[in-house]
Structures are given as structure tokens and as C-alpha cells.
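Have the structure open while you read.

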Amino acid sequence: MLPKKSTRIRKEEIVQAAIQVIGAQGVNSLTIAAIAGRAGMSEANIYRHFGGKQEILSALADFIGTEVMGKAAAIAGGSGPPLEKLRAIFFSHVSLIAELPGIPRFIFSDEVHLGDRELSRVIAQRMAGYVETLAGIIAAGIAEGEIRNSLAPRETALTMLGMIQFTALRWTVAGTSFDIRDEAKKLWDNFMHLIR
């Protein structure tokens, strides 16, 4: 008999299943039955770990916050030149989107923009922290002479995030029909020409 999985592992599996459902079918198709089918467990088992769909969406927002914004903060706090940190954050974010297309579909959904106000508040707060982290790296790059001193750190951070978000939007609208990593590389090379 297989050992029983911990609550933490079960919750992670449920969140991963939710991201996969959203990636394949969109947020409107996210039901407890769809999550259960994708996770290979019963609906009752889902309800053992979450009170319902809204709790799963909140857990999904936490997951995205940790994977994207948490990773950016860890890279920012590490060693290395500012431009290398920005590059690592940029490609880490793009890679996560390429692996989990449910992330941009969730972030761009009405569920986030018009649905649960607490959910949108939490995501907006995480995004603001992300911008602040990037702006800090950019300010350090300016101070160290890696980045043009005429640039505004916050607006440059927003430009960098805009490259990611608009590319993710185009990619999902196009049915993931182009190589998002290849597109990201071209955009990054162009961004470097603009900010150095």
C-alpha cells in the first residue's frame, strides 16, 4: 500500500491541477470536478483540503506570487551584477509561463479583474512588490554604470514587465503557437540595447 500523502503535498497537487485546467480550458472551465479529474482524486478529497473554488483560486494566487515574485526577490538578494539579476528574473518568469500557460490565463481573467476583490487586491500587492524589487535592481545598475543614468528605475521596471505580460498575452491568444522563449530572447536583446 502506498504511503498517505501529506496535506501540503495534496494541496500542491490540487493547485497544479487547477493551473493545468486553466491552461487547457480557461478559468471559466475551472470546476471542482475538472480539478479532481486532472488531479486524479475524488471531489470529496478536494473538499477535504479546500472549502471551494475561491479558496483554490487564492492558493493559486499564492503559488504564482511565490514562484514569480518570490524567486525575483531571491535573485535580487543574491550576488552578481544588476543586469545579470534582471536577465535571470526575466527568463525565469518567461520559463514559468512557457511551462504553465494557465498562469497568464488566470492573471488576465475576469475572475481576477472583476471577480473576488480580495484576490485582485492580493495580486496587485504582489505585483507592486515585484515592480519595487526590479526597480531596486535597476537603480543599482544605474549607480554601478551598467544602465543609462537617464532612465527612471520604476518606469524601466514596468517596461520590462510589460514585455513579459504583453508577450504572454499574445502567446495565449495565439494558442501558444509560437516559441515564447525565442520571442523573449529577441525582446531581451533589444531591451539591453535600449537601457545600456
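Start with Asp182, which counts as partly exposed at 38% relative accessibility. Keep in mind that this is a predicted model. Asp182 has a partner: it makes a salt bridge with Lys186, and their closest N and O atoms sit 3.5 Å apart. Both belong to helix α10, which covers residues 180–195, and because they are four residues apart there, about one helical turn separates them.

Stay on that helix for another pair. Asp189 is joined to Lys185 by a salt bridge, with 3.0 Å between the closest N and O atoms. Here, too, the two residues are four apart in helix α10, so about one helical turn lies between them. Asp189 is partly exposed, at 34% relative accessibility, and Lys185 is partly exposed as well, at 44%.

Now look at Glu155 and Arg154. These two form a salt bridge whose closest N and O atoms are 3.2 Å apart. Glu155 is partly exposed at 41% relative accessibility, while Arg154 has a relative accessible area of 48% and is also partly exposed. How many salt bridges does the structure hold? There are eight.

Finally, find Glu111 in helix α7, which runs over residues 110–115. Glu111 is buried, yet it has no salt bridge. Which side chain of opposite charge is nearest to Glu111? That's Lys53, 4.3 Å away. Leaving out residues up to four places away in sequence, Glu111 touches several others, including Val27, Gln54, Leu57 and Leu119.

Notes:
Residues are numbered from 1 along each chain as its sequence is written. This is a predicted model: local features need pLDDT of at least 70, side-chain atom pairs count only at pLDDT 80 or more; totals for chains, interfaces and linings use all residues. Side-chain values use heavy atoms; hydrogens and water are left out. Buried means under 20% relative accessible area, exposed over 50%, partly exposed in between (1.4 Å probe, protein chains only). Lys and Arg count as positive and Asp and Glu as negative; His and the chain ends are not counted. A salt bridge is a side-chain nitrogen of Lys or Arg within 4 Å of a carboxyl oxygen of Asp or Glu. Contact means heavy atoms within 4.5 Å.
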